[in-house]
Amino acid sequence: RAVDWDAVWRDLQGLNVIASSNQRKQLSKDFYWYSPILTGQLAGCVADLVVKVSTEEDVRQAAAVAAKRKLPLTVRAGGTGNYGQCVPLSGGLVLDVTPMCRVLEICPGRVRVQAGARMHDIEAAVAETGQALRMWPSTWHVATIGGFIAGGFGGIGSIRHGILRDPGNLLRARVMTVEREPRVIELVGDEIQQVHHAYGTNGIILDVEVALSPAVDWVHCIALFPDYRQVMDFGVAASTPEIDLFLLSAVDARFSPYYASLGSHFPPDRHAMFMMAAPGSMPALHALAAAHGGRISLAGTEAELRAMGLPPAYECAYNHTTLQALKVDRTWTYLQVAYAQPFDPAVVDRHIAVFGDDVLQHHEFARAGGEYGTFAILLVRWKGEAHQYEVIREIESEGGCVVFNPHVVTIEDGGMKTIDTQQIEFKKKSDPMGLMNPGKTRGWTPDMAREA
Ligand code: FAD
C-alpha cells in the first residue's frame with residue numbers, strides 16, 4: 001500500500017520530525033548487536049520518519065496520524081534494549097519519547113514521572129528527599145523508566161525488592177491508545193502487567209508512578225574465591241533477609257581480562273562475587289565469605305571507587321558483564337538461563353564440565369514472587385547459529401533449565417514463552433489497527449488486525 005508522504009508531513013506539522021537518513025538509522029537501533037543473529041536480521045530496518053515528542057499533545061497528534069495514515073508506530077526511549085525491541089521491523093514512524101522526561105511529583109514512598117525520564121536522573125531527583133528507586137538496569141544513565149517497564153524485567157535492586165512484576169513496585173501508569181482519536185487509559189497496580197514487558201505493542205506509556213524506598217549508601221564490594229562452586233554456595237547462603245543486599249552477582253574468573261581496571265581486585269585466578277551491601281551488613285559478609293573460602297578484595301562507595309578509577313559493582317553485573325567482554329572481544333555472544341528453584345549449583349558444575357571455554361559463567365541472585373532465585377547471563381563463544389542452538393538444547397536438556405533466547409525479536413520466543421492473553425486483550429483496545437511495533441508479538445499479527 002502506497003503511503004502519501006506529503007500528506008503525512010502535512011499531518012505531522014508542528015511536531016519535531018527527523019528525516020535525515022543518518023539520524024533515522026541511528027534512532028532505529030538498539031543493543032541487538034550483542035546477537036550476531038539479530039545483527040544480520042535487523043540491519044536494514046529503518047524508520048521512514050522519527051518524531052520526537054515533548055508533550056502529551058505531541059503524542060496524541062503523532063498517534064492520530066499513525067492511525068489515519070495506517071503507519072506502523074514504534075516507541076523508542078533510551079534504545080538500550082537487547083533484542084531489537086525498539087527496532088521498526090516494518091518502517092513507519094519511530095516515536096522518540098526521551099524529551100518527555102519531567103519528574104511530576106515526589107511523595108513519601110513514590111514518584112510520578114513522565115515515561116521518557118532517564119532512571120539515573122529520577123534517582124538524583126528522589127535522592128533529595130532521602131529516597132531511592134527500588135530497582136534499575138545497569139544502563140540507568142541512558143535507560144528510561146518507560147523503556148524499563150515496557151522492555152525490561154528487573155535488575156540492580158531485585159535481590160532486595162523482587163522484579164518489576166512483583167506487587168507494590170509499579171503503582172500507576174497512563175497509556176495513550178493509537179487510534180484516529182487517541183484516548184488515555186489509566187492502569188493501577190496489577191493492571192500495569194498489561195503493558196509490562198509488552199515491548200510497546202499495546203499503547204504509549206505517558207507517565208508512571210513507581211514505589212520508592214529509603215536511600216542507603218551502598219557499599220560496592222568484591223569477594224574472591226578459588227572455585228566457582230564456592231561463589232555459588234556463598235551466593236545461595238547470602239540470599240537471606242538477614243544480609244541487606246542490593247546486588248549479588250557471580251562472575252567467572254575468565255572474565256577477569258575484560259575488567260583490566262580492577263587489577264588485583266579481580267585477578268585471573270579468582271572467581272568474583274560483585275555486591276552492593278548495606279554498611280551494617282559488611283561484618284556478616286566478611287564472615288560469610290571467609291566461611292566459604294573467600295575474602296573481600298574491595299569495598300567502597302560508588303564515589304570512592306570512581307575516585308580510584310574503578311567501576312561501581314553494577315557495571316560488573318547483569319548485562320554489563322557481557323558488554324565488558326564484547327568491548328574487548330566481539331567473538332562472544334550470550335544466553336540467559338532460568339534454573340529450576342530451589343537452585344542446585346551442581347547444574348552449573350555440570351555445565352562448566354560440558355562447555356569448557358565455550359561458555360563463561362555469570363549468575364545473578366534475585367528475588368521473584370517473594371522467593372530467592374538464581375539465573376544466568378552466560379557468555380557464549382560465537383561459533384555460528386547451529387552451535388548456538390546446540391548450546392541452548394544442551395542447557396534445556398537439564399531438568400528445569402529454561403533458556404530465554406536473546407537471538408529472537410518476539411516477546412514469546414524470547415523470555416515469555418507463551419502468548420500473554422491479557423496483553424493481547426489490552427492490545428485490542430489500545431491498538432485496534434495493529435500498528436504498534438508490528439512483528440514483535442505472535443499473539444497479534446497484521447493479518448489478525450486486518451480480519452478484526
Ligand atoms: P528502549 O530500548 O528504548 O525500549 C525498550 C522497549 O520498550 C521497546 O520495545 C520500546 O518500544 C518500548 N518502550 C519504550 N518506551 C516506551 C513507552 N513510553 N511506551 C511504550 N513502550 C515503550 N534490562 C533489565 O531489565 N535489567 C537489567 O539489569 C538490564 N541490564 C542491561 C545492561 C546492558 C549493558 C544492556 C545493553 C541492556 C540491559 N537491559 C537490562 C536492557 C535495557 O537496558 C533495559 O530494559 C532498559 O530499561 C530499557 O530502557 P530504554 O529506555 O533503553 O528502552
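Reader: Which residues come nearest to the ligand?
Author: In this predicted model, G78, G147, G151, G152 and G200 come nearest, out of 38 residues around the ligand.

Reader: How many residues of the shell are nonpolar, polar and charged?
Author: The shell has 16 nonpolar, 20 polar and 2 charged residues. Gly counts as polar, so G78, G147, G151, G152 and G200 belong to the polar class.

Reader: Which helices and strands supply at least two residues of the shell?
Author: β3 (73–76), α6 (145–151), β10 (204–214) and α11 (318–328) each do. The largest share, 5 residues, comes from α6.

Reader: Which residues of α11 are called buried, and why?
Author: They are Y318, N319, H320, T321, T322, Q324 and A325. A residue is called buried because 20 or more other C-beta atoms lie within 10 Å of its own. The cover over these residues of α11 includes β12 (245–251), β15 (332–338), β17 (362–368) and β18 (371–381).

Reader: Where do the domains lie in the chain, and what does each give to the shell?
Author: The chain is divided into domain 1 (103–215) and domain 2 (219–404). Each gives at least three residues to the shell around the ligand.

Reader: How many residues does the contact take from each domain?
Author: The centres of domain 1 and domain 2, taken over C-alpha atoms, are separated by 26 Å. The contact takes 12 residues from domain 1 and 16 residues from domain 2. On the side of domain 1 that touches domain 2, 4 residues are nonpolar, 6 polar and 2 charged.

Notes:
Residues are numbered from 1 along each chain as its sequence is written. This is a predicted model: local features need pLDDT of at least 70, side-chain atom pairs count only at pLDDT 80 or more; totals for chains, interfaces and linings use all residues. A residue is near a molecule or strand if its C-beta atom, placed from the backbone, lies within 6 Å of it. Helices (H or I, at least four residues) and strands (E, at least two) are DSSP runs, numbered from the N terminus. Domain bounds come from an automatic or database domain assignment. A residue is buried if 20 or more other C-beta atoms lie within 10 Å of its own, exposed if 12 or fewer, and partly exposed in between; C-beta atoms are placed from the backbone. Two residues are in contact if their C-beta atoms, placed from the backbone, lie within 7 Å.
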